[in-house]
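This briefing concerns the structure shown below.

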Amino acid sequence: MKIETMGRTKIQITAYELRDDERIFFEEQAKALNIHVLYTSGVLSDSSLDLAEGSIAVTILGHSLIDKGLLQKLHKMGVRSIATRTIGYNHIDVSAAKSLGIKISTARYAPNGVADYTVMLILMSLRKYKQAMYRANINDYSLPGLRGKELRNLTVGIIGTGSIGEQVIKNLSGFGCEILAHSNSKKEHIEGLASYVSLDELYKKSDIISFHIPLKEETRRMVNADAIEKMKDGVILVNCARGELMNIPDVVKRIEMQKIGALALDVFENETGIYHLDRRNDIISNRDMAYMRQFPNVIMTQHIAFYTDAAVSSMVNCALQSIISFVETGASRYEII
């Protein structure tokens, strides 16, 4: 729908899953782009479809599960594009959207926030900060069990050298550690900082392994029993990418066996409906998540590696810019082809 406002044509869209911290960016950027936005904090579902009435596009986060049936209803209402304010898009049936002629776009943001967070998790794991913090909270300031390692003496393996993996390598280069990398495509400009090797060699030689790859069928649960057995005893694993990269039962068993020395996760399989919500008074049904948290050498954060002021602004901007581009040109630089 287009609304005439002060002599100018204004596009109307509906923004679902609005967080309070996003609103100021929406209001500023929507005004600059001449977009009329209807807001709701709820997910996009059959019960909230009516909020999209009259809108030519909707924008969502990752908790809205957009299946074929929902897409058909959106198309019938006149919605012609969906802009997810996330990098991942496995919560959308892209194939069904294409068959209906509904355009889908994702968000982009600078890799620095996630890369910085990754290095923080590496250092926290190396210096056993979780245990130290717990002890300090009960006035236990003893040293036994808290001796850490220095990053300069270790080898770090980076799986995936896209924008985030590349930035992690740049961040780590100042620590003096050896850096190995594995990726489907090599970047010549970072080969002076890291050595590209096969995945098996990276597993064999790395003291720390960090994952920066998308979730695909070939990467789903790639961190399994076979992969872990190829790694060093006491290896530290860091995952700020996708929870589904890890086969949790296999990982749990290797933590119990002390094959894995430490684990740092910002993502977890089946985190939807838990992370980013206040569930203090609820029963959490994800047993794997609850069990993993009790290990003293496992750090789990609530999918916040991306969460900086710059990234939130960029995610909103990508969504609104994509919608404008879809309306005016039929395409967007962030479109899923």
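With which residue does Glu 22 form a salt bridge, and how far apart are the closest N and O atoms? The partner of Glu 22 is Arg 85, and the closest N and O atoms are 2.8 Å apart. This pair links distant parts of the chain, the two residues being 63 residues apart. The model is predicted, and a search of the whole structure finds 17 salt bridges.

**The Glu 22–Arg 85 pair**
- Glu 22 belongs to helix H1 (residues 20–33), whereas Arg 85 is placed in the loop between strand E5 (81–84) and helix H3 (94–100).
- Both Glu 22 and Arg 85 are buried.

**The Asp 46–Lys 73 pair**
- A salt bridge joins the side chains of Asp 46 and Lys 73, at 3.1 Å from N to O.
- Because Asp 46 lies in the loop between strand E3 (35–39) and strand E4 (57–60) and Lys 73 lies in helix H2 (residues 68–77), the pair ties together parts that are 27 residues apart in sequence.
- Lys 73 has a relative accessibility of 40% and therefore counts as partly exposed.

- The side chains of Lys 187 and Glu 166 form a salt bridge with an N to O distance of 2.7 Å.
- Lys 187 is located in the loop between strand E8 (178–182) and strand E9 (195–196), and Glu 166 in helix H6 (residues 163–172), so this pair ties together parts that are 21 residues apart in sequence.
- Lys 187 is partly exposed, its relative accessible area being 22%, whereas Glu 166 counts as buried at 11% relative accessibility.
- A network of salt bridges links Glu 166, Lys 170 and Lys 187.

**Packing of helix H9**
- Helix H9 spans residues 248–256, and its buried residues are Ile 248, Asp 250, Val 251, Val 252, Arg 254 and Ile 255.
- These buried residues pack against two helices, H8 (225–229) and H10 (287–293), and against two strands, E12 (260–265) and E13 (298–300).
- Gln 258 follows H9 and has a positive phi, near 65°.

**Nonpolar surface patch**
- Tyr 129, Met 133 and Tyr 134 form a nonpolar patch on the surface, and together they have about 310 Å² of accessible area.
- Tyr 134 lies in helix H5 (residues 129–137).
- With a relative accessible area of 49%, Tyr 134 is classed as partly exposed.

How values were computed. Residues numbered from 1 in each chain as written. Predicted model: local features only at pLDDT ≥ 70, side-chain atom pairs only at ≥ 80, totals over all residues. Heavy atoms only, no water. Patch = residues over 30% accessible without salt bridge, like charges linked within 9 Å, V, L, I, M, F, W, Y side chains within 5 Å. Areas by Shrake-Rupley, 256 points an atom, 1.4 Å probe, with all protein chains shown as cover. Salt bridge = Lys/Arg side-chain N within 4 Å of Asp/Glu carboxyl O. Helix = DSSP H or I, 4+ residues; strand = E, 2+ residues; numbered from the N terminus. Buried < 20%, exposed > 50% of the residue type's maximum accessible area, 1.4 Å probe, protein only. Contact = heavy atoms within 4.5 Å.
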